[in-house]
Amino acid sequence: MKVLKFGGTSVGSAARMQKLLDIINPNERRIVVLSAMSGTTNSLVEIGQAYLTSDKAKAASLISSLKQQYEAVVKQLFSNPEYQAQAKEVIDHHFGLLSGFANDLFTSIEDKIILAQGELLSTTLYHIYLKEIGVPSVLLPALDFMRIDEDNEPIVDHITTHLQPILDKHADVNLFITQGFICRNAFGEIDNLRRGGSDYTASLIGAGIHAEEVQIWTDIDGMHNNDPRIVNNTKPIAQLSFDEAAELAYFGAKILHPQSVFPAQKYKIPVRLLNTMDPQAAGTLITNTSEKDKIKSIAAKDGITAIKIQSSRMLLAHGFLRRVFEVFERYRTSIDMITTSEVAVSLTIDDTTYLDEINKELGKFGTVDVDINHTIICVVGDFAAEKNGYAARVLDAIKHVPVRMISYGGSDHNLSLLVKTEQKTEVLRSLHSRLF
Ligand code: ADP
Ligand code: ASP
Ligand code: MG
């Protein structure tokens with residue numbers, strides 16, 4: 001069994017949906033994970049925002065224009081009036097639900113129900129389309145098997161025990177369709193795996209059912225060696241290790257959800273990144289092995305805040321760093337980068353929800369300085385091959401740019417730099433021209 005995930009652009013129009021089957025090959029058993037059609041989740045976020053600010057008129061207008069887009073899709077997707085009517089009913093149901101929130105108390109629970117509608121719509125419409133063209137398939141409700149615990153961690157065992165029996169029950173069916181992104185939380189409410197979470201769904205399902213392979217079909221031919229939105233002439237990378245891919249995804253390579261590599265890595269399931277627009281392209285294969293002696297790729301993560309704690313008295317006293325880390329632990333805020341000196345320690349966070357509280361507590365240890373609007377630039381490659389002088393080449397390439405922090409040696413495949421976000425484009429381009 002393979003798991004194939006198609007992202008927003010891959011299901012972004014009726015024409016795109018009609019082409020999917022060329023890639024899917026329904027002669028073999030497959031679970032197909034679909035995202036919402038491109039743009040839908042952003043619109044749903046806006047609708048939720050409008051309700052949260054009690055702007056019901058704005059919510060109604062956003063709902064109405066999104067509904068019109070879906071009505072147009074239904075007209076193009078179906079040729080048989082019977083299936084067109086079924087699809088129209090589906091649309092009326094989901095948009096009726098969206099409009100219905102105008103009459104209720106609106107909280108984050110309702111907001112998450114709104115966010116779930118995109119994947120529910122795309123999968124249901126695609127399932128009806130498969131019926132129209134006579135391809136047998138089963139629609140699997142992700143809310144029945146995808147679950148996160150109290151710490152928002154997905155539960156792979158829950159997938160195994162709840163999904164595998166359904167697959168076994170339909171031994172004669174090859175094609176299963178399900179929603180990416182959405183899940184239930186520890187309270188049984190509708191929730192999600194964070195933006196871009198359909199990749200995570202695919203990898204979690206792969207882990208849960210011990211799939212032979214997970215394929216992430218998107219709008220580009222694999223993981224490139226730099227951010228193609230910012231740098232010209234980027235190239236796809238043929239092979240990455242799970243560690244390298246995880247690092248790139250976490251530090252900003254948008255092609256993969258930050259957590260999506262881990263389930264596949266744990267259960268040793270190869271992941272392929274492939275291009276729906278160019279299905280013959282080789283893409284990227286992510287496995288346990290990696291090409292040696294190479295710098296692979298560069299990624300950038302914005303929205304980083306650097307915190308420096310200066311304390312001549314006790315920095316190197318044992319137990320000091322523990323107490324610093326405990327502050328972040330108490331506020332459930334994870335640290336991305338850390339550097340130390342004799343008199344100070346600098347670290348970075350991306351979640352500033354509790355920044356004021358954290359600052360106040362750190363203030364007990366010494367002087368605290370906070371720098372906002374920074375970007376982590378992450379260079380991934382085989383730094384163990386130090387004979388190549390890669391670290392020196394990285395620093396040489398950006399010698400004209402002020403660097404706030406450097407982290408090197410944490411693993412042998414990563415070097416991270418912290419720079420002001422306004423310098424990001426320059427840094428990415430300089431590194432690209434000097435390293436590749
Ligand atoms: P999908 O909707 O299929 O999940 P995404 O938009 O989430 O697609 O991810 C694909 C996009 O990621 C590409 O179009 C590309 O612009 C962007 N991207 C950012 N960094 C990289 C990278 N290093 N390699 C490939 N794509 C990248
Ligand atoms: N539709 C969701 C999003 O836009 C999940 C995904 O596309 O992966 O974030
Ligand atoms: Mg994505």
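Which residue in β16 is the bridge partner of Ile406? Please bear in mind, while you look for it, that this is a predicted model. The partner of Ile406 is Leu417, and that pair belongs to a stretch where β15 and β16, the latter covering residues 414-420, run antiparallel and are joined by four bridges.

Stepping back to the whole sheet, we find six strands in an open arrangement, ordered β12-β13-β11-β14-β16-β15, with antiparallel pairing. At the edges are β12, residues 335-340, and β15, residues 405-408, each of which pairs on one side only. Neighbouring strands here are turned against each other by 30° on average, if direction is ignored. Across β11 (295-310), β14 (367-381) and β16 lies helix α13, made up of residues 424-435, and this helix runs at about 140° to β11.

Now to the cavity. Searching the whole structure for cavities of 30 Å³ or more turns up one, and the volume of the largest cavity is about 50 Å³. Its lining consists of Asp199, Ser203, Val214, Ile216, Leu256, Ser260, Val261, Val271 and Ile286, and the elements that contribute two or more residues to that lining are α7 (198-208) and β7 (213-218). Sorted by class, the lining of the largest cavity comprises six nonpolar residues, two polar ones and one charged one.

Terms used:
Residues numbered from 1 in each chain as written. Chains lettered and ligands numbered in written order. Predicted model: local features only at pLDDT ≥ 70, side-chain atom pairs only at ≥ 80, totals over all residues. Heavy atoms only, no water. 1 Å grid on protein atoms, 1.4 Å probe; cavity = no way out; pocket = protein on both sides within 12 Å on 5 of 7 lines; lining within 4 Å. Points joined across faces, edges and corners; volume = space filled by probe spheres on them. Nonpolar A, V, L, I, M, F, W, Y, C, P; charged D, E, K, R; others polar. Pairing = 2+ DSSP bridges. Axes fitted to C-alpha atoms, helices over the stretch in contact; angles between N-to-C directions. Contact = heavy atoms within 4.5 Å.
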